[in-house]
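The sequence and the structure are shown first, and the description follows.

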Amino acid sequence: MQAPHPAPRDPLSGVDPALVGRQYLPGEPFVVGREHVRAFASAVGADDGWHHDVAVARAAGFPDVVAPPTFAVVVAQRSDARLIEDPAAGIDFSRVVHGEQSFVHHRPIVAGDELIVTLHVDGIRTMAGNDMVTTRNEITTASGDPVCTAVSMLVVRRAE
């Protein structure tokens, strides 16, 4: 559950370790548009027909064009922004580097999906003077059907 923090945290003191276990409830749904899928597919060189052509996607058994598997990062990073923008976290975005990303897909993302995301802060550890923040985004349909679990590790560099 999302609990309020009493005051903003100074980014120079590092990420607040008390955030481990915190859950950020879903915000506004992300509606996947055909052009989102097509543009992302083009950007990553995914030129299979089902990423671009509705008829090809439907012939393959999908309701609409299918997003490449890494499209989930678009939704996950939008969700991770909630942590980064939380003043209580003490994260200066100019000091954030994306360290790792993994996905477990429960089904493909397709155009027309209305996705909601619950953000979990699963871990914070300090290594070589940097804070390593592990987040997990549980992406579901608006009706609650699992779509993808996206795990990120963000490196938050502390002041020199």
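Helices, of at least four residues, and strands, of at least two, are DSSP runs numbered from the N terminus. In these terms, helix H3 (72-84) and strand E4 (114-127) each supply at least two residues of the lining of the largest pocket. The model discussed here is predicted.

**The largest pocket**

The space in the largest pocket amounts to about 170 Å³. Its lining consists of Gly27, Glu28, Pro29, Phe30, Val75, Arg78, Ser79, Arg82, Leu115, Ile116 and Val117. Helix H3 gives the most to this lining, with 4 residues. By class, 6 of the lining residues are nonpolar, 2 are polar and 3 are charged.

**Aromatic residues**

The whole structure holds 2 aromatic pairs. In one of them, the ring centres of Phe40 and Phe71 are 5.4 Å apart and the ring planes stand at 85°, so this pair is edge-to-face. The pair links distant parts of the chain: Phe40 belongs to helix H1 (residues 34-43), whereas Phe71 lies in the loop between helix H2 (54-59) and H3, 31 residues apart. Both Phe40 and Phe71 are buried. Together with Phe30, Phe40 and Phe71 form one aromatic cluster. Phe30 is also among the residues that line the largest pocket.

**Nonpolar cores**

The largest nonpolar core has 18 residues, of which Val32, Phe71, Val75, Ile109, Leu115 and Ile139 touch the most other members. Two or more residues of this core come from each of H1, H3, E4 and strand E6 (146-157). The largest contribution is that of H3, with 3 residues. A second, separate core of 14 residues includes Val96, Val121, Leu154 and Val156.

**Contacts of two residues**

Which residues does Phe71 contact, leaving aside its neighbours within four places in sequence? They are Phe30, Val32, His36, Val37, Phe40 and Ile109. Thr141 is placed in strand E5 (residues 130-141). Is Thr141 buried or exposed? The relative accessible area of Thr141 is 9%, and the limit for a buried residue is under 20%, so Thr141 counts as buried.

Conventions. Residues numbered from 1 in each chain as written. Predicted model: local features only at pLDDT ≥ 70, side-chain atom pairs only at ≥ 80, totals over all residues. Heavy atoms only, no water. 1 Å grid on protein atoms, 1.4 Å probe; cavity = no way out; pocket = protein on both sides within 12 Å on 5 of 7 lines; lining within 4 Å. Points joined across faces, edges and corners; volume = space filled by probe spheres on them. Nonpolar A, V, L, I, M, F, W, Y, C, P; charged D, E, K, R; others polar. Phe/Tyr/Trp six-rings, centres within 6.5 Å; stacked < 30°, edge-to-face > 60°. Buried < 20%, exposed > 50% of the residue type's maximum accessible area, 1.4 Å probe, protein only. Core = buried A, V, L, I, M, F, W, Y, C linked by side-chain atoms within 4.5 Å. Contact = heavy atoms within 4.5 Å.
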